[in-house]
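Please walk me through this protein model. I would like a short report on its contacts and cross-links.

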Amino acid sequence: MTLRSTAAAIAALLLLPSCSSTASQASSHHHRADSQKPVSPLTDTAAPVPTGSLPPGSCRASSLDPNTTHPDPRCTPGALNPAVMQANIHQTVCVPGYTKTIRPPVTYTDALKRQQIREYGYTDTNPRDYEEDHFIPLSLGGAPRDSHNLWPEPGNPNPKDDVEFKLYKAVCAGTVTLAAAQKAIMTDWTTAEQIIR
């Protein structure tokens, strides 16, 4: 082995730890970056436990008749999903199965239902007698998890579901705007079908 080849071999050996260290640092940085990726709250299945309950009886439904019941507008005014707008309905709500991807898990809605049954002061406290209803439905751009858009609606199932479906079909057909359908539901769901042309 010549002096030149010996020097080259020693230099190569000295470089090896440095390369290994650089590769290790790059790998470590890559893993840190992955762990810091934000999780969309609309697709997160690990729903938080509902918090911020109101005193029992703070809210009042307009009627206990499932055919005409409306939530208390102070407690359940409705809330919108910012990811859904008129311009993207055919990429969001009008895509079959879309609402399943954003619907909160039963563990979340059941806990919220029990909490809100107390807040609404219902004498019947059996959760099975209520539907934890999205006041503005997911199919019309209602907020999935916001407690201002969820309430324990008497009756399960109830007539409001049929009205929501008719409005949804009209919105996706382009005969009713998303905003008009949302407003009609919030104003009075029992007359909301009247906006369908």
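Gln116 sits in helix α3. The model is a predicted one. With a relative accessible area of 4%, Gln116 is buried. Leaving aside residues up to four places away in sequence, Gln116 touches Glu132, Ser147, Leu150, Trp151 and Pro152.

**Aromatic rings**

A pair of aromatic rings is described by the distance of the centres and the angle of the planes. The structure has 4 aromatic pairs. In one of them, the ring centres of Tyr120 and Tyr122 lie 5.7 Å apart. Their planes meet at 20 degrees, so this pair is stacked. Tyr120 and Tyr122 are both buried.

Phe165 and Tyr168 form a pair with ring centres 6.2 Å apart. Here the planes are at 35 degrees, so the pair is tilted. Phe165 and Tyr168 are 3 residues apart in helix α4, and about one helical turn separates them. Tyr168 counts as buried, at 16% relative accessibility.

**The loop at Asn126**

Asn126 lies in the loop between α3 (106-119) and β1. Is Asn126 buried or partly exposed? At 35% relative accessibility, Asn126 counts as partly exposed. The side chain of Asn126 reaches the backbone nitrogen of Arg128 at 3.0 Å. Asn126 can also be placed relative to Arg114. In sequence, Asn126 and Arg114 are 12 residues apart. In space, their C-alpha atoms are 8.6 Å apart.

**Salt bridges**

How many salt bridges does a search of the whole structure find? The search finds 4.

| Salt bridge | N to O distance |
|---|---|
| Arg74 and Asp72 | 2.6 Å |
| Asp133 and Lys160 | 2.8 Å |
| Lys166 and Glu193 | 3.2 Å |

Take Arg74 and Asp72, whose side chains meet in a salt bridge. Arg74 is exposed, with a relative accessible area of 64%. Asp72 counts as buried, at 4% relative accessibility.

Next come Asp133 and Lys160, which form a salt bridge. Asp133 lies in strand β1 (residues 130-134) and Lys160 in helix α4, so the pair ties together parts that are 27 residues apart in sequence. Both Asp133 and Lys160 are buried.

The side chains of Lys166 and Glu193 also meet in a salt bridge. This pair links distant parts of the chain, 27 residues apart. Lys166 is in helix α4, and Glu193 is in the segment after α5. Lys166 counts as partly exposed, at 41% relative accessibility. Glu193 is partly exposed too, at 35%. Some salt bridges share partners, and these join Asp133, Lys160 and Glu164 into one network.

Which residues of helix α5 (residues 178-188) are buried? They are Leu178, Ala181, Gln182, Ala184 and Ile185. Why do they fall on the same side of α5? They cover an arc of only 160 degrees around the axis, which puts them on the same side. The buried residues of α5 pack against α4 (160-173). The face of α5 turned away from this buried side carries the exposed residues Lys183 and Thr187.

**Disulfides**

The structure holds 2 disulfides. One joins Cys59 and Cys75, with sulfur atoms 2.1 Å apart. This link is left-handed, with -100 degrees about the S-S bond. The pair links distant parts of the chain, 16 residues apart. Both cysteines lie in the loop between α1 (3-35) and α2 (98-102). Cys59 is buried, with a relative accessible area of 0%. Cys75 is buried as well, with 14%.

Cys94 and Cys172 form a disulfide with sulfur atoms 2.0 Å apart. Their link is also left-handed, at -95 degrees about the S-S bond. The pair connects distant parts of the chain, 78 residues apart. Cys94 is in the loop between α1 and α2, while Cys172 is in helix α4. Cys94 is buried, with a relative accessible area of 14%. When the bonded cysteines are numbered in sequence order, the pairing is 1-2, 3-4.

Notes
Residues are numbered from 1 along each chain as its sequence is written. This is a predicted model: local features need pLDDT of at least 70, side-chain atom pairs count only at pLDDT 80 or more; totals for chains, interfaces and linings use all residues. Side-chain values use heavy atoms; hydrogens and water are left out. Buried means under 20% relative accessible area, exposed over 50%, partly exposed in between (1.4 Å probe, protein chains only). Helices (H or I, at least four residues) and strands (E, at least two) are DSSP runs, numbered from the N terminus. The arc is that of the directions from the helix axis to the C-beta atoms. Contact means heavy atoms within 4.5 Å. A polar contact is a pair of N or O atoms within 3.5 Å; within protein, one must be able to donate a hydrogen and the other to accept it, and residues adjacent in sequence count only if both atoms are side-chain atoms. Rings of Phe, Tyr and Trp (its six-membered ring) pair if their centres lie within 6.5 Å; planes under 30 degrees apart count as stacked, over 60 as edge-to-face and the rest as tilted. A disulfide is a pair of cysteine sulfur atoms within 2.5 Å.
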